[in-house]
Amino acid sequence: MAAFDIVDWLAELTPWPDPVVSKSPEVGKQADATLAYIEKQLLPCLRRRFGNLPCILGGYSLGALFALWAAYKSDIFSGVAASSPSVWIKDWLHFTAQHQMKARHVYLSLGDREKFTRNKAIAQVGSNIREYHQTLVAQLGEENTTLKWNAGSHFKNAAVRTADGFAWNMKSLC
């Protein structure tokens, strides 16, 4: 398992601009650089040391959205562990309907209370993740993706939920 530092998570993980995420002009412009770092520096270093093992990319919230997006852009990921992904971001469902998921396995999870927020864009997360999961089922097959509902809000048990996503992927890849 490897982790890397993100200095400005909005700028480095958001795949494209969305004023709900941030009005900063830098947001939505650096995700490609983050993916390039993983592909060209992090993974080659790990593979030199440990061999060509399957790679599971994952994260929580915006990190989970980045992991999903990266697995549409690159074929180096065997699986994705996406816990509470920000699939409410503008144009996410359109993007995923127009592109093919390149990872073989995708784990999604969401808290059953996450849709209860005053922000109308973020409140779409429940319906968006259901629709997105159906897109993944059509692309990968039902046995290669799952959507797990967890009790609680966005911030409840984040570490455990993320670990569950990695464990599901590891079991699926064996």
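Predicted model: local features only at pLDDT ≥ 70, side-chain atom pairs only at ≥ 80, totals over all residues.
**The nonpolar core**

The largest nonpolar core holds 41 residues, and Leu 68, Trp 92, Met 101 and Tyr 132 touch the most other members.

The largest share, 10 residues, is supplied by α3. For Met 101, the contacts beyond its neighbours within four places in sequence are Leu 68, Ala 71, Tyr 72, Val 106, Tyr 132, Leu 136, Gln 139 and Leu 140.

**Packing of α2 with α3**

The axes of α2 and α3 lie 11 Å apart, and the two helices pack at an angle of about 70 degrees. Because angles from 65 to 115 degrees count as roughly perpendicular, α2 is roughly perpendicular to α3. On the α2 side, Ala 31, Asp 32, Thr 34, Leu 35 and Ile 38 take part; they meet Phe 66, Trp 69, Ala 70 and Lys 73 of α3. This contact comprises 6 nonpolar, 1 polar and 2 charged residues.

**Strand β2 and its partner**

Strand β2 is mostly covered, with 5 of its 5 residues buried. Gly 79, Ala 81 and Ser 83 are buried on one side, while Val 80 and Ala 82 are buried on the other, so that both faces are covered. Strand β1, residues 56-60, runs parallel to β2 and is joined to it by 5 bridges. In one of these pairings, Ile 56 has Gly 79 of β2 as its bridge partner.

How values were computed. Residues numbered from 1 in each chain as written. Heavy atoms only, no water. Core = buried A, V, L, I, M, F, W, Y, C linked by side-chain atoms within 4.5 Å. Buried < 20%, exposed > 50% of the residue type's maximum accessible area, 1.4 Å probe, protein only. Helix = DSSP H or I, 4+ residues; strand = E, 2+ residues; numbered from the N terminus. Contact = heavy atoms within 4.5 Å. Axes fitted to C-alpha atoms, helices over the stretch in contact; angles between N-to-C directions. Parallel < 35°, antiparallel > 145°, perpendicular 65-115°, else oblique. Nonpolar A, V, L, I, M, F, W, Y, C, P; charged D, E, K, R; others polar. Pairing = 2+ DSSP bridges.
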